[in-house]
Amino acid sequence: MIWRRRTGYLLWTAAAVLAAIAWSGWFASMHLAGERSPVDRIEEPLADLRLLAAGPLPPPATVAIVAIDDATVASQGGYPLHRERLAALVRAIRAAGARALAIDLLLVDPTTPEADAALAGALAEIPTVIAAAGQFDRGIPAQSGFPATAGELWPLPAFVQAASVGFANVVTDAAGTPRHLPLVFDTARGPMPGFALRAVGLYDGADPVLARETVATRRATVPLDLGWNLPLRIHGPARTIETVGAAGVLAGNGGVLVGRVAVIGVTATAVGDTFPTPFDPVTPGVEILANGIANLLDGTGLVRDGRVRHVDAAAAVLLAAGGVALVALLPLTAGLVTAAGAVFLWIGATFVLFGEGIWLSAGLPLAAALPPIGIAVLARQMHDRRVTGRLADAERALRRFQPPALARRIARDPQFLREPVEQPAAILFIDLSGFTSRSEELGPLRTRTFLKEFHTIVVEETAARHGVVLNFMGDGAMTVFGVPDATRETAEEALATAFALARQVGTWLRTAAGASGGNGVRLGLHYGTVVLSRLGHDAHQQITVSGDNVNVASRLMEVAKAHEATLAVSAELLDALDKGLAGFGEPDAVERVDIRGRRQPITVALWRRGGRGPEKPPPAHAPT
C-alpha cells in the first residue's frame, strides 16, 4: 500500500512538472517570437524600476540637442519657425562646428518658394537627416521582419534632394514609455532607415552595417532585438544630454556642438510630442531620438538579443519546473523557501545585470513560475493534510494497542527504545480471584464483557496517576509507574493507584453481573530498577519491562493470597515514598516473607481489606 501511494505521488509530481513546463513554455515561445503577452504588463514596470536602480548614465560626448524651447519661440515670434529662420539656424549649427545634423521636424508642408529654397540650400551645406513618419496598421504583417508602414509622411521633395531621410517612429509600451527604436522600415518606397541609424551614418561618414542581430558602426558593434530594433537605454531625466536653445545658437552660442551630432527638436511647452520615462514623466521626443543616437554611437544601449531571450526562456522553464519539483519532493517549507529563493535570486540577477546593460526578463520567470508553484503548494498542502489525517488515524489506532503515554512518545520519537534503558520504576500487578469458575458460569461472550469492564477500571485508575498498563493477562494486568519518564512521586502514585484499584474493583465486583461471594482482588506492588525495552521481532515488537524486580512484584500477589490480604507492598516501595504512609493508613501487618525463586526474603506490608488510601488522584506534576 505504501509503495502504491509513493508511486502515485511520484506520478502526480511528474504530471505537475510537465504541466509547469507546458505553461512556462507557452510564455517562453511568445517571448522568443517577440509577441506581446501578459508578461509585458509585469516586465515593463520592473524594467523601469531596474533603470532607476541602475541610475543615470553620464552625458554622451557625441550628441547635443538644439532645442526650439520657450525662449526660442518667444524670440522668433511663435511656432513653427519660419523656414528662412530655420535655414539660418542650420547654417549657425554648421558654423558652430557640428559634424552632422538631425532635424526632428516634419517638413511636409510647403511655404513660400523662396523660404523653402533657402532651407534646402542650407541643408545641402552639412550632412543632414530630416524626419519622416510612418503610419501603421496592426493588420498588415511585416513580410521583411521589420515594421511595415500603412502610410508615410515624407518631407518636401526639395528637402529630400538636399538631405537624407530617416523615419523617427518610436516603439512604446502600453503606458507610452519608449522601449525600442526601429532601425529599418518597410515603406511604399522600399526599405528605409530609421532616423537614428541615418544620423549615425552621417556622423561616421559611412553607413552602418546591419547583420542578423547586430549593427556595426565605426565605433561599436551594437546587439539588436528582434526585427532590427534597438533596445533604448535612457541616459537620465530631461536635459541630461547637452542641450542648447536654438535662440542661443542663432546668437553665436553654439560652442557645445563642436564635433557632435546636433539634433534639432521642439521642447517648448505644449508643442511637439512628449513621452513618459522612468526619470521624467514629460520627456520631449527629440530627447528620445537623441538617446537612441547616443546608444548607437557609444554602445550604451541595452542588450536584448536572441541569446538573451533564449536565456530568459530557459530560466522561465527551469524555475517553473524546478520550483514545482522542489515543492513536491522536499518538505513543504524547505521546498517553498528554496523555490521562492531561486525565483528571487533570478530577479536579483536581472537587477545587477541591467546595470551592466543586459536586459534579462524579470517578468517572464514570475509569470511562468509563480502560478505553477502556487498551485503545487496548494496541492501539496492538501496532500499533507491527507497524510497527516492518515497518520493521526494511525496514531489513534496505535494508542488502542499501546498505552497513550508510550504512543505519544513513539509518534514523537520513532527511535524510542532502539536500545534498552535501565531506570527505577514501581511495578503493580493485579489479579481477580475465582475468575476460572466465574468464566465457566458466564460463558465466552459475557466473560468478554466482564473482563472489558475490569480492564476499563484498571486503565482509568492507572492513567489518572500517570501510570502505564503494559499488559493484560486475562483476569490480571501489569502496570508500571515512572515510564517512560520517572517523577518524584512515582512511588506515591503507584501506592495510591493500588488502593484505588482495591476500592474500585471491590465495589464493582459487588455489583457486576456474574459476581459471587468468592470474588476478590489481589495486588502486589514493588519498587526497583527495571529494564525498559522493545521485545519481539523487528517487524512486530512490544514495549515492556523486565528484570528481577518485575518477578518480585508478580510474586507479591502470591504473598497476598497466602496471608489472606488484598494488597502486598514491598518495603522498597515504602522506602521510596517521600512522606511515608501519611494519607494511606497503617498496614494490617508487616511480615518478613520468602519469595519463590529468590534466596533472600523481603519485608512486605499487608493490607487485608485494601486500606483506605487517598480518595482522589495526586496532583499532576512535571517529570524529573
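Helices and strands are taken here as DSSP runs, of at least four residues for helices and at least two for strands, numbered from the N terminus. In this predicted model, Ala28 lies in helix H1, which spans residues 2–33. Because its relative accessibility is 5%, under the 20% cut-off, Ala28 is classed as buried. When neighbours within four places in sequence are set aside, Ala28 contacts Ala313 and Leu364. The C-alpha atoms of Ala28 and Ala314 are 7.9 Å apart, although 286 residues separate the two in sequence.

Helix H4 (residues 83–95) packs with helix H5 (residues 113–123) at an angle of about 15°, and the two axes are 8 Å apart. As angles under 35 degrees count as roughly parallel, H4 is therefore roughly parallel to H5. The crossing of H4 past H5 is left-handed. On the H4 side, the contact comprises Arg83, Glu84, Leu86, Ala87, Val90 and Arg91, which meet Ala115, Asp116, Ala118, Leu119, Gly121, Ala122 and Leu123 of H5. Eight of the residues in this contact of H4 with H5 are nonpolar, one is polar and four are charged.

For helix H2 (residues 38–54) and helix H11 (residues 332–355), the axes cross at roughly 55° and come within 9 Å. H2 and H11 are therefore oblique to each other, and their crossing is right-handed. H2 contributes Ala47, Leu49, Arg50, Leu51, Ala53 and Ala54 to the contact, while H11 contributes Thr350, Phe351, Phe354 and Gly355. The contact of H2 with H11 has seven nonpolar residues, two polar residues and one charged residue.

In soluble globular proteins, nonpolar side chains tend to be buried together. The largest nonpolar core in the model consists of 45 residues, and Val63, Leu183, Phe195, Val263, Ile293 and Leu296 have the most contacts inside it. Elements giving two or more residues to this core are the helices H2, H7 (195–204) and H9 (285–298), together with strands S1 (63–68), S2 (100–103), S3 (128–135) and S15 (261–266). H9 gives the most, with eight residues.

Beyond its neighbours within four places in sequence, Leu183 is in contact with Met192, Pro193, Gly194, Leu197, Leu210, Val215, Leu224, Trp228, Leu230 and Leu296.

How values were computed:
Residues numbered from 1 in each chain as written. Predicted model: local features only at pLDDT ≥ 70, side-chain atom pairs only at ≥ 80, totals over all residues. Heavy atoms only, no water. Axes fitted to C-alpha atoms, helices over the stretch in contact; angles between N-to-C directions. Parallel < 35°, antiparallel > 145°, perpendicular 65-115°, else oblique. Left-handed = near helix turned anticlockwise from the far one by under 90°. Contact = heavy atoms within 4.5 Å. Nonpolar A, V, L, I, M, F, W, Y, C, P; charged D, E, K, R; others polar. Core = buried A, V, L, I, M, F, W, Y, C linked by side-chain atoms within 4.5 Å. Buried < 20%, exposed > 50% of the residue type's maximum accessible area, 1.4 Å probe, protein only.
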